[in-house]
Amino acid sequence: MALIAFDARDAFVPMPHGSGVYVARLLAALQRGGVGGHELWPVRGGGPGPEVLFEQLTLPRLLRRRGAALLHAPDSFLPLRRSCPAVLTVHDLGFESVRGDMPLRTGLKYRALVRAGARSAERVICPSRFTAGDVMARYRVPEDRIRVIPEAPALPVGELAPPDGPYVLAAGDLRPKKNLPVLIGAYRSLRRRGLPHRLVLAGADLGLAESLRLLAGGEPVELPGFVSDAQLDALIRGAAALVLPSVYEGFGLIALEAMARGCPTLLARAGALPETGGEAARYFDPGSAEELTELLASVLGDSVEQARLRAAGRARAATFSWERAAAETVAVYEELL
């Protein structure tokens, strides 16, 4: 029986989001289903000082001390010098494609260490074929070392009542790659046509909230900030449509969350979004507020199309599961054990 170390730090932060949701849900599925008779060791906490010191100095010492046979780093960073083979999950390379999407120091860390880690890892897991192709093209990682394992809906469906009144929803951190000015431009055009809906932009403010408020020009655009899982679930269930206008997504988990709840889903024709949404979503050019305006108008004004999208979305989301993701991840472990 081998000891498999799993860097689970991001699963234990208060209200994990982004890639932390992946870490938490995958860990839970691995614990439920087991890891092929081996022992799973979740590494729960880091140490004092910058995270990079834990990742590059402390974690390798812990691996040697415990005699780990394998390390899985599920959130982009792994020790470059280590005593055992490693699996690295790379969620996306948006920090390479959309400069300014992260604070300067964070972006420097990602651009230096994700590249080095992807080249160092014995296996690289990506959530989509799009991200896998990006990792191969940008980082020259051989195809035979990459495995594509999709994510799955992660938010529990609760009973919190959605907000009153009609609204369109976008969810995710307020950051450049989310391309929210295009959505606000489309929304303002529809308001001039008499659209009664509010626009809700739910997500942590990474420095764009004030400029988005100004761009809204007095229209009813709500920015509630980061919301809890229960609040996000309720917002999705009550939305007339979810719009994801991103110029880059490595998977687009919020699209699956919307489809799982029967929320009509409109996605940018960019990154991995067409791969994730399949034929259960409608698509638009992320550079064209005009195209998004017409698509939103047609979907919001067509009850038959809304019903089709609700049914297709639920069916699409049901094909993804964390149990399957965990089983395919364990198969990657077995390749190296």
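Let's start with Glu257, which sits in helix α9, the stretch covering residues 253-260. Keep in mind as you look around that this is a predicted model. Is Glu257 buried or exposed? With a relative accessible area of 4%, Glu257 is buried, because anything under 20% falls in that class. So what does its side chain reach? The side chain of Glu257 gets to the backbone nitrogen of Ala154, at 2.6 Å.

Now for some charged pairs. The count of salt bridges in this model comes to 29. One of them joins the side chains of Lys109 and Glu51, with N and O at 3.7 Å. Why is that pair worth a look? Lys109 belongs to helix α4 (residues 104-120) and Glu51 to helix α2 (residues 51-66), so their bridge ties together parts that are 58 residues apart in sequence. Glu51 itself is partly exposed, at a relative accessible area of 48%.

Next, move along to Glu96, in helix α3 (residues 94-97). Which residues does Glu96 pair with? One partner is Arg99, whose side chain meets that of Glu96 in a salt bridge at 3.6 Å, N to O. Another is Arg115, and here the closest N and O atoms are 3.9 Å apart. Arg115 lies in helix α4 while Glu96 lies in helix α3, so this second bridge ties together parts that are 19 residues apart in sequence. Helix α4 is a place you've already visited, since Lys109 lies there too.

Arg99 is exposed, at 54%, because the exposed class begins over 50%. Arg115, at 28% relative accessibility, counts as partly exposed.

Last stop: a group of arginines on the outside. Arg61, Arg64, Arg65 and Arg81 gather on the surface in a patch of positive charge. Where does Arg81 lie? You'll find Arg81 in the loop between β3 (70-73) and β4 (86-89). Its relative accessible area is 75%, so Arg81 counts as exposed. Compare that with where we began: Glu257 is buried, at 4%, whereas Arg81 is exposed, at 75%.

Definitions and conventions. Residues numbered from 1 in each chain as written. Predicted model: local features only at pLDDT ≥ 70, side-chain atom pairs only at ≥ 80, totals over all residues. Heavy atoms only, no water. Patch = residues over 30% accessible without salt bridge, like charges linked within 9 Å, V, L, I, M, F, W, Y side chains within 5 Å. Areas by Shrake-Rupley, 256 points an atom, 1.4 Å probe, with all protein chains shown as cover. Salt bridge = Lys/Arg side-chain N within 4 Å of Asp/Glu carboxyl O. Lys, Arg positive; Asp, Glu negative; His and termini not counted. Charge placed at Lys NZ, Arg CZ, Asp CG, Glu CD. Helix = DSSP H or I, 4+ residues; strand = E, 2+ residues; numbered from the N terminus. Buried < 20%, exposed > 50% of the residue type's maximum accessible area, 1.4 Å probe, protein only. Polar contact = N/O pair within 3.5 Å; in protein donor to acceptor, adjacent residues only side chain to side chain.
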